[in-house]
Amino acid sequence: MDSKLQSNKRQMIVLLFPGLLIFGVFTIYPIAKLFLMSFFQWDFGSMLDQEFIGFSNYKDVLSDSFFWMTFANTLAYTFITVPAQMLLGLLVAVLIHEIKRLQVFFRVMHYLPVITSWVIVSLVFRYIFNTEGLLNYFLNNTLNVVDGNIRWLDSRWSALSVAMLLGIWKGVGWNMVIFLAALQQVPSDLYEAAEIDGCNAFLRFFTITLPSIRGTILFAWIMLTIGGFNVFTSIKMITGGGPAHQTDTMLTWMYYKAFSTGKLGYSASLSFMMALTLGLLAFFQFKAMKDKDMEAKNLK
Amino acid sequence: MKGRKILALLLIVFLSLSAAYASGAKESQDTKVETIDFWHHYSAQSAENKTLMNVLIPRFQQENPGIKVNAVSHEWAELHNKVLISSSTGSLPDVARCDIAWLPEFQKMGILVPLDSEVPDFEKVSSRLLESAMSTTFIDKNHYALALNTNTKILFYNTKMLKDANVAVPKTTDELVAAIRSLSGKNAKGQQTWGWNEPALSGWNLCPFIWTFGGALTNADQTVATGFVNGKETVQAIETFVTLVKEGGITGFNSGDIPMTDGFGTYRYAMMLEGPWKTAELDGSYPNVEYGTALMPTGKGGSVSVLGGEDIAMLKGANKDAAWKFMTFMTGEFAQIEMAKSGQIPVNKMALASDTVKNAPFAPFLDAIKTARARPTVSTWSEIDNELNGAVHQVISGKKTVRSALDELAVKMDALLK
Amino acid sequence: MKKTPTKQTVILNLLLTFSTLVSILPMVYMLSTALRPNGALYEFPPRFFPSLDAITLENFSFVLFQSTFYLNFLNSVFVSVVSVALAAIVSAALGFILGKFNFKGKKILFALIIVTMIIPGTTLIVPQFELAFKLGAVNKLPWLIPFYVAWVIPFSTFMIKGFMEGIPNEILDAAFIDGADIFTIFFRIALPLASPAIASVSIFNFLTAWEEYPWANTVINDNNLRTLPIAIAGFFGQHQFTQWGYVFAMSTISLIPILLVFIFFQKYFVTGLSAGSVKG
């Protein structure tokens with residue numbers, strides 16, 4: 001029996017090994033290296049003499065007005081796109097959940113934006129929102145609701161709004177799929193009981209559906225928040241961060257600092273501050289859901 | 001059943017990995033042939049790249065049987081970033097075609113080989129090349145590259161648009177400003193047109209205006225900016241430029257603008273200042289557009305365009321002999337004339353005297369090159385450029401006046417020039 | 001509260017059709033642009049659909065026959081397929097052990113894996129490049145794979161673990177009693193049972209590998225080793241001159257594999273996600 005236990009233990013380790021090896025080497029090691037380097041003077045110019053400078057890089061980041069601007073951009077992007085796509089995704093999921101036929105068709109259609117790469121959809125949006133492009137022509141000449149062409153991509157908040165619209169449009173399908181799965185898990189007898197009690201559709205949604213998919217909501221919320229902070233390709237393709245870095249998000253700014261100015265130490269500390277912020281956000285999101293949990297339990 | 005499927009999958013994975021590995025390993029076994037990596041930014045679809053891949057490299061390899069050239073095309077900005085990141089790990093290519101503006105930065109990082117002290121026949125090879133072009137390779141006390149090609153920007157004008165607006169080709173800056181105003185507005189189809197397209201607000205774009213108006217970025221030694229970048233003439237140049245932008249006469253640097261070539265080809269932009277590569281682009285996508293070229297209109301400082309070009313450099317860790325042979329070949333008469341056929345202005349003196357070059361479509365550029373000026377050759381140029389860009393953007397968006405923006409810029413530049 | 005079924009269905013279908021249109025409109029525009037010659041892209045007035053005589057296949061033929069697109073396409077297929085396969089196995093193994101067994105340090109191990117998700121992947125480019133260089137992995141296509149696999153391990157493990165936890169222990173215990181060892185239980189029981197979850201994370205993983213841009217762009221130099229996203233972006237913005245027709249033709253073609261993968265694995269999608277996310 002003992003040898004069986006040993007051999008089982010060994011087999012467990014063998015199963016764990018490949019994943020942990022790949023993860024350890026290709027993710028953990030770079031993270032550790034990055035963390036270490038954030039405390040050093042580290043740029044392309046001084047590759048050879050890297051001196052330990054403590055929190056100096058972190059101080060540089062925090063005192064950089066550009067950093068705070070990109071921080072604001074990233075927060076705005078995240079706090080607008082995440083709830084929007086969750087709401088719309090949930091709405092579409094509910095709609096699809098209710099119809100009997102054509103479910104697969106609608107699922108696939110809505111998922112199309114999700115499976116198209118960021119590079120492609122960003123270019124398409126850039127083309128559509130060109131000042132002399134299709135959208136303006138439509139608004140101007142066809143609908144006649146505006147006079148003159150709107151310069152969507154030329155100023156900070158206008159261009160960021162286009163990026164946000166892109167982010168929401170692209171994310172709805174993902175949310176739809178996640179919420180559809182969750183909706184199908186809600187036991188139907190709960191609904192039946194409520195119906196008998198005289199509950200209407202609206203009330204049923206808020207008192208049964210939403211609480212039942214709470215776990216999924218939290219999951220989507222956290223994943224999408226991380227995704228929001230990671231916005232990179234769409235900004236690069238649509239505005240390149242311009243005009244003059246006004247539409248840069250934390251990641252595109254980090255990329256610029258690292259590769260165009262060679263300030264690697266700065267970028268490293270910026271990366272960890274991003275991670276820290278995300279961690280804090282996730283923590284609060286967790287707590288928020290837990291509190292709702294308590295609320296729901298107390299209400300019962 | 002599933003288990004077997006998984007095992008099959010694993011086998012495929014293993015086999016593909018080993019196959020890929022094997023193919024990679026095979027190349028390095030061939031020790032009789034030396035391979036040098038050559039990174040450049042000839043656009044992948046361009047005539048220059050075709051000439052490189054189909055004419056030059058085969059010829060070079062034929063003349064040098066033991067050497068193979070592995071040429072890789074990168075986009076311009078990507079090439080800069082790639083060289084940077086490769087330098088941090090020592091995985092640099094042997095030879096690279098670098099924008100002349102990058103050389104001071106690369107030299108400071110210590111990744112360029114000082115050719116005059118490391119290569120025996122440097123004098124012989126470099127003396128065949130234009131001195132003005134070679135001046136871009138001299139940094140500190142050594143030459144760090146060979147000039148490869150030079151270029152500058154000249155005025156391209158849309159013949160039809162000028163004719164329709166009854167505007168003559170501008171010869172002075174005053175005429176230019178008036179022309180831009182006349183050419184901007186709404187055309188017959190009701191679309192917006194602009195007299196001038198400027199695709200960005202960097203030094204490459206603004207310097208011709210600044211210098212032609214008699215201004216400057218720094219003093220001759222490139223050590224001080226105050227009094228120059230915020231001097232009277234520079235302020236006037238930027239002032240004029242920004243006014244024209246606000247009037248709707250100039251555009252092109254916004255993300256939502258029609259790209260330069262497309263706009264020029266569809267009669268939306270009347271004039272632009274561009275380099276020899278533009279002819280190939282226009283001929284390719286808009287062959288029906290009639291256009292002419294002229295020198296940058298003359299102002300208080302003369303007719304001063306911005307000097308561009310590329311140098312070919314040997315990078316640290318390179319296979320010196322093979323790399324030098326290739327560099328010599330690329331700056332030799334044959335390669336230079338061939339490239340001239342694709343629109344690259346040569347720096348080889350013999351090539352410049354040849355009939356091919358004399359009759360080439362870029363003949364107008366040769367005159368402009370005589371008066372063109374190079375941007376500051378300091379290692380912090382890309383940061384200065386970024387600050388300049390930001391400053392002018394702030395003026396255009398109304399956040400600052402020209403005076404105050406340039407004053408602040410001068411302070412920042414002084415610090416960067418130290 | 002019950003509206004007549006047909007009225008409700010009609011409204012629902014109408015709403016869904018509207019949102020479907022919104023979802024696919026940009027892609028339709030992309031396709032219609034790919035069918036027009038390069039120079040026609042800034043024509044006036046801008047049209048959504050090209051006039052019938054303006055339709056051309058020249059962009060597609062250029063992309064397919066004259067550029068290195070074919071190679072880039074195959075490169076992407078190779079990297080994506082192998083990454084997905086490898087990620088599926090290692091994540092399933094991790095998810096199985098972490099989900100079905102208890103041992104010292106399990107919680108910490110799992111937390112470590114999950115918490116790395118808050119570090120934006122793009123920020124790791126520089127240290128990863130140094131690592132790649134040390135391993136001799138620069139400019140070698142197969143070496144993209146371990147990086148991509150490492151990237152997706154946290155999410156995949158999380159999802160599969162959740163699913164594994166939903167598998168009744170009785171099934172595994174029964175096998176144990178019958179004398180099966182861990183490998184057998186994993187390969188013959190757990191893996192097949194967890195296939196919905198594995199299929200659904202594989203779709204995500206395929207998409208990740210297929211469209212990844214920053215890392216591949218940094219580490220791959222040679223033209224013929226490039227993956228699709230880099231090839232597409234390469235047509236964009238040279239000297240301010242974008243050949244939109246080529247860009248969109250390439251984009252349209254590159255959509256096909258991922259669409260096929262999605263449709264093929266589609267049925268697993270919903271079931272696989274449900275257990276994973278709800279339990280998580």
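This is a predicted model: local features need pLDDT of at least 70, side-chain atom pairs count only at pLDDT 80 or more; totals for chains, interfaces and linings use all residues.
Student: What percentage of the residues of chain C count as buried?
Tutor: Buried means under 20% relative accessible area, exposed over 50%, and partly exposed in between (1.4 Å probe, protein chains only). Of the 280 residues of chain C, the buried share is 63%.

Student: How much area do chain A and chain C bury between them?
Tutor: Contact means heavy atoms within 4.5 Å, and it takes 85 residues from chain A and 97 residues from chain C. Buried area is the accessible area (1.4 Å probe) that two parts lose on being put together, summed over both. Carbon and sulfur atoms carry 79% of the total, which is about 8300 Å².

Student: Which residue of chain C forms a salt bridge with Lys33(A)?
Tutor: A salt bridge is a side-chain nitrogen of Lys or Arg within 4 Å of a carboxyl oxygen of Asp or Glu. The rule finds one across the interface of chain A and chain C. With the closest N and O atoms 3.1 Å apart, the partner of Lys33(A) is Glu130(C).

Student: Is His143(B) buried or exposed?
Tutor: His143(B) lies in strand β5 (residues 142-143) of chain B. Beyond its neighbours within four places in sequence, its contacts include Val113(B), Leu115(B), Phe122(B) and Phe138(B). Because its relative accessible area is 19%, His143(B) is classed as buried.

Student: Which element of chain B has the lowest mean pLDDT?
Tutor: pLDDT is the predictor's confidence in each residue, from 0 to 100. Chain B averages 88, and 92% of its residues score at least 70. Over residues 22-29 of chain B, pLDDT stays under 50, and the model has zero contacts there beyond four places in sequence. Strand β7 (residues 154-158) of chain B has the highest mean (96), whereas the lowest (52) belongs to helix α1 (residues 2-29) of chain B.

Note on methods:
Residues are numbered from 1 along each chain as its sequence is written. Chains are lettered from A and ligands numbered from 1 in the order in which they are written. Side-chain values use heavy atoms; hydrogens and water are left out. Helices (H or I, at least four residues) and strands (E, at least two) are DSSP runs, numbered from the N terminus.
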